[in-house]
Amino acid sequence: MGKHRAAQIEISRVRAYDPPVGMNRREVLTGLGAAAVGGLGIISAETVYAAAHSTDPLQFYGGFASAIRPDRSPPSVPRSAVLWSGPTDKRAVALTFDDGPMPDWTPRVLGILARHDVPATFFLKGLNVQRYGALHLDSAGTHELGNHTWDHPDLARLDYHECADQLERTSAVIAQVYGTRPTLFRPPYGHLAGSSLLAAAEHRLTTVLWSAQMTESVFEAEPARIVESVRSAAHPGSIILGHDAGADNRLVSIDHLDAIISRLKADGFAFTTVSQLCGLR
Ligand SMILES: [Zn+2]
């Protein structure tokens, strides 16, 4: 079933949908609106609610939920890892930056990291590597470059072949531009389904989430507070999410990255790449 056909069916379900007993339509919308806008873009809260509460069976094997190959053949690997953080016995953290490379943004981040002699891990969009890949040509050997899909879809809604295509195209352009295939993958929005886990396994990618983040949008009014926010969120083994592309409010973290690193260093934290932090190589 194509995506558009599936969307049509979902919308027709929504029209027939009634809120649960004891909950009016406004409460449903209020509760789920933020999640729907943040995770799924234009899909309405009602659609999300209807899909989540549908009693229709999910598609066997070929849909987004199954981690079994559509042709039911065995996976080519026996296992695949998902990481949120590293070991907690060392006072070390890994800074990660998603969605780049992007002119203006990525060079600022690289400059600050270089001044502090700190490595980081960048999860790259394939489309941006194709356009702006030269921004990371000097990163190899210092920083780690991971796969963040080709154009940032919600993988939890894509089938295996669509997920595999997103990962393969991105790993291929990273290998072409930087000479090495990535070993790490971060799913956009932290959204995963069976199909995306299987695709990551088949592409020999370790799936990397995060355990702390630079919550840029929270500190637009008082941007300097992001320093203390990251400091209190960071623990031994933390994988810290940041961004080097996107909406202007994300510049809060880049404007204060120098102070964030200085503060964490003063607290005794060392900085490593995700692979080093987690002992992957
Ligand atoms: Zn992203």
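Which residues of S3 point one way, and which the other way? Thr121 and Phe123 point one way from S3, whereas Phe122 and Leu124 point the other way, and all are buried. Buried means under 20% relative accessible area, exposed over 50%, and partly exposed in between, with a 1.4 Å probe and protein chains only. In a regular strand the side chains alternate between the two faces of the sheet.

This is a predicted model, in which local features need pLDDT of at least 70 and side-chain atom pairs count only at pLDDT 80 or more, while totals for chains, interfaces and linings use all residues. Residues are numbered from 1 along each chain as its sequence is written, and side-chain values use heavy atoms, with hydrogens and water left out.

**Overall fold**

The chain has 11 helices and nine strands. These are DSSP runs, numbered from the N terminus: helices are H or I with at least four residues, strands are E with at least two. Of the 281 residues, 46% count as buried. Among contacts (heavy atoms within 4.5 Å) between residues at least 6 apart in sequence, 75% join residues at least 24 apart. The accessible surface comes to about 14100 Å², and carbon and sulfur atoms hold 53% of this surface. That area comes from the Shrake-Rupley method with a 1.4 Å probe; for residues, only the protein chains shown count as cover.

**Zinc site**

Asp99 (OD), His148 (NE2) and His152 (NE2) are the protein donors of the zinc ion, at 2.0 to 2.1 Å. Donors are N, O and S atoms within 2.8 Å of the metal (3.2 Å for Na, K and Ca); water is not among the atoms, so sites may look incomplete. The donor spacing in sequence is D-x48-H-x3-H. Asp99 and His152 link distant parts of the chain, 53 residues apart. Asp99 is in the loop between strand S2 (92–98) and helix H4 (105–116). His152 is in the loop between strand S4 (144–147) and helix H6 (160–178).

Most residues other than glycine have a negative phi, and most peptide bonds are trans. Asp99 has a positive phi, near 90°. A cis peptide bond joins Gly100 and Pro101, with omega about 0°. Pro101 is also placed in the loop between S2 and H4. Arg72 has a positive phi of about 65°. Arg72 sits in the loop between helix H3 (45–53) and strand S1 (82–83).

**Strand S3 and its partners**

S2 and S3 run parallel, joined by three bridges. Two strands pair if DSSP finds at least two bridges between them. Asp98 stands opposite Phe123. Thr121 lies in S3 (residues 121–124). The Thr121 side chain reaches the backbone nitrogen of Val274 at 3.0 Å. Thr121 also touches Glu144, Leu184 and Thr273, among others.

Ser275 is found in helix H11 (residues 274–277). A polar contact of 2.4 Å joins the side chains of Ser275 and Glu144. A polar contact is a pair of N or O atoms within 3.5 Å; within protein, one must be able to donate a hydrogen and the other to accept it, and residues adjacent in sequence count only if both atoms are side-chain atoms. Residues touched by Ser275 include Glu144 and Leu184.

**Accessibility and cysteines**

| Residue | Relative accessibility | Class |
|---|---|---|
| Thr121 | 0% | buried |
| Ser275 | 1% | buried |
| Asp99 | 9% | buried |
| His152 | 17% | buried |
| Cys163 | 0% | buried |
| Cys278 | 17% | buried |
| Arg72 | 58% | exposed |

The disulfide count is zero, a disulfide being a pair of cysteine sulfur atoms within 2.5 Å.

Notes: Lists of a residue's contacts leave out its neighbours within four places in sequence.
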